[in-house]
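Colleague: Please take one part of this model and go through it closely, saying which cut-offs stand behind each term. I would like a connected account.

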Amino acid sequence: MWSSSRVVSEEEQTESSSFSTSLFNFSSGNPRIEETRGLMHVFPEQTPPSLPVGRKPLACVLGVPNHMTYADFCQFCGSFIQHILEMRIVRMESMEDRYSVLIRFDEQDSTDAFYTHYNGRRFSSLEVEVCRVVFTLDVQYTGSIEHAQPSNATSTEQPTCPVCLERLDQDTSGILTTICNHSFHCSCISKWADSSCPVCRYCQQQAENSICFVCQTTENLWICVICGFVGCGRYKGGHAIIHWKETQHCYSLEVETKRVWDYVGDNYVHRLIQSKTDGKLVELNSHCVHADSGSCGDNAMREAILNSKVQAIVNEYNELLATQLENQKLYFESLLQQVEQETEGKISVAVQKAVSLKQHKIHAKIDRCNKEKKFLDELNDNLLKNEEIWKAKLLEIEEREKKALKLTTDRVTDLEKQLSNLMVCLEGGKTEEHPPLSNANDGTVSVISKVSSVKL
């Protein structure tokens, strides 16, 4: 496992100095409890990427976005998870809102394949951040890690995974150490969908610094415990007091000290505070007023007094909670009424706009239809006039055809008469050329007169 205080030998120092490496300061652990700092010697990034000489089966993924949980990162490098012995989540001083992952592999070929496959690759198709993998030469810790696990070479019993309660053995499964120095099996932590630690609930994605909702200042901030409004104190812009006057939310939490202030009573009313030692919530110290005089009685009396105080506190909080809930109900009902009025006004305006727009479209359509009707009427009148004109022309043409047909018929009749006369003349001419013989028996002679030819 990762050692907390590692002493580098002269041989290793000589080896580190023989290579051109870059130094990165990193830290891990819960800052509220204990923070571990260290120094990382990494090979510089090269363009184009290449495998450096003297590398070890130790790599570091730099600049992983904070929104990627432990499970997301295990899924991202899932094809190499069986070759990973250890992973440790650390913070880099020069990288805000990001974390880095130290990875130790079982052999050098797996490290080289991981570098070739993931260096320069996007964490997902929807993001622009790319994975930066660098070979790590050495890792040195300058502080102690409270939850550090002993190495496998010692005779101390191996620790167990808090999820499956099995021993943390590198030979059987990879081990992942969170940023708060708690270790788990990679297969167990990959099922944890939250970004917090399953043991201490420390979240790797820290909340952003609060600011006043009005003046945007970051000093002397108070947050309303009823609705969550963040405002500055009376020694700044006094927006927290203004919020109390507007909403009657009289309880406000000081962001820096975690103490609760009552604007109505003008005093602190908190019963629990956050310990600076371990970050847990503890009861505010309140000594007995009769402790100096020694009149507090025996343990039974003290217990009775304590129970009465607890009951009084419970009753007080119940009453305060009921009052604040009623005030909150009235406040949000007024907000809902205001929103409803605004919504109704917007709806009426939208309806009026829609109706006016529809009317405008209807009028435009009516005008267009009227223009088309007028055009069609004019076209119909013109067609009727043209029909009358063509009817007259048709009658005139029919009369003309009848006259022409009559003339043609008369001419044909005349020609037929002339043709018949011509045929008669032609037949008469043939008879004259061959006169018939006189019939002596009858004693009569037929004389055929010569008919003059008719000139057509």
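Modeller: Tyr235 is exposed, with a relative accessible area of 73%. Exposed means over 50% relative accessible area, buried means under 20%, and partly exposed lies in between, with a 1.4 Å probe and only protein chains counted; the areas come from the Shrake-Rupley method. The model is predicted, so local features need pLDDT of at least 70 and side-chain atom pairs count only at pLDDT 80 or more, while totals for chains, interfaces and linings use all residues. Residues are numbered from 1 along each chain as its sequence is written, and side-chain values use heavy atoms, leaving out hydrogens and water.

Tyr235 sits in the loop between S10 and H5. Helices (H or I, at least four residues) and strands (E, at least two) are DSSP runs, numbered from the N terminus. Glu219 is 16 residues away from Tyr235 along the chain, and their C-alpha atoms are separated by 9.8 Å.

S9 and S10 pair in the antiparallel sense over three bridges; two strands count as paired if DSSP finds at least two bridges between them. In this pairing Leu221 stands opposite Cys232 of S10. The two strands form a hairpin with five residues between them, and in its turn Gly228 has a positive phi of about 85°.

S9 also pairs with S11, again antiparallel and over three bridges. Here Trp222 has Glu254 of S11 as its bridge partner. S11 (residues 251-254) then pairs with S12 (residues 260-262), in the antiparallel sense and over three bridges.

Put together, the strands form an open sheet of five, in the order S10-S9-S11-S12-S13, with antiparallel pairing. S10 (230-232) and S13 (267-268) are the edge strands, each with a single partner, so one side of each is left without a neighbour in the sheet.

Helix H5 (residues 239-247) packs on this sheet, touching S9 (221-224) and S10; contact means heavy atoms within 4.5 Å. The direction of H5 makes about 125° with that of S10. For such angles, axes are lines fitted to C-alpha atoms, for helices over the stretch in contact, and the values run from 0 to 180 degrees between N-to-C directions.
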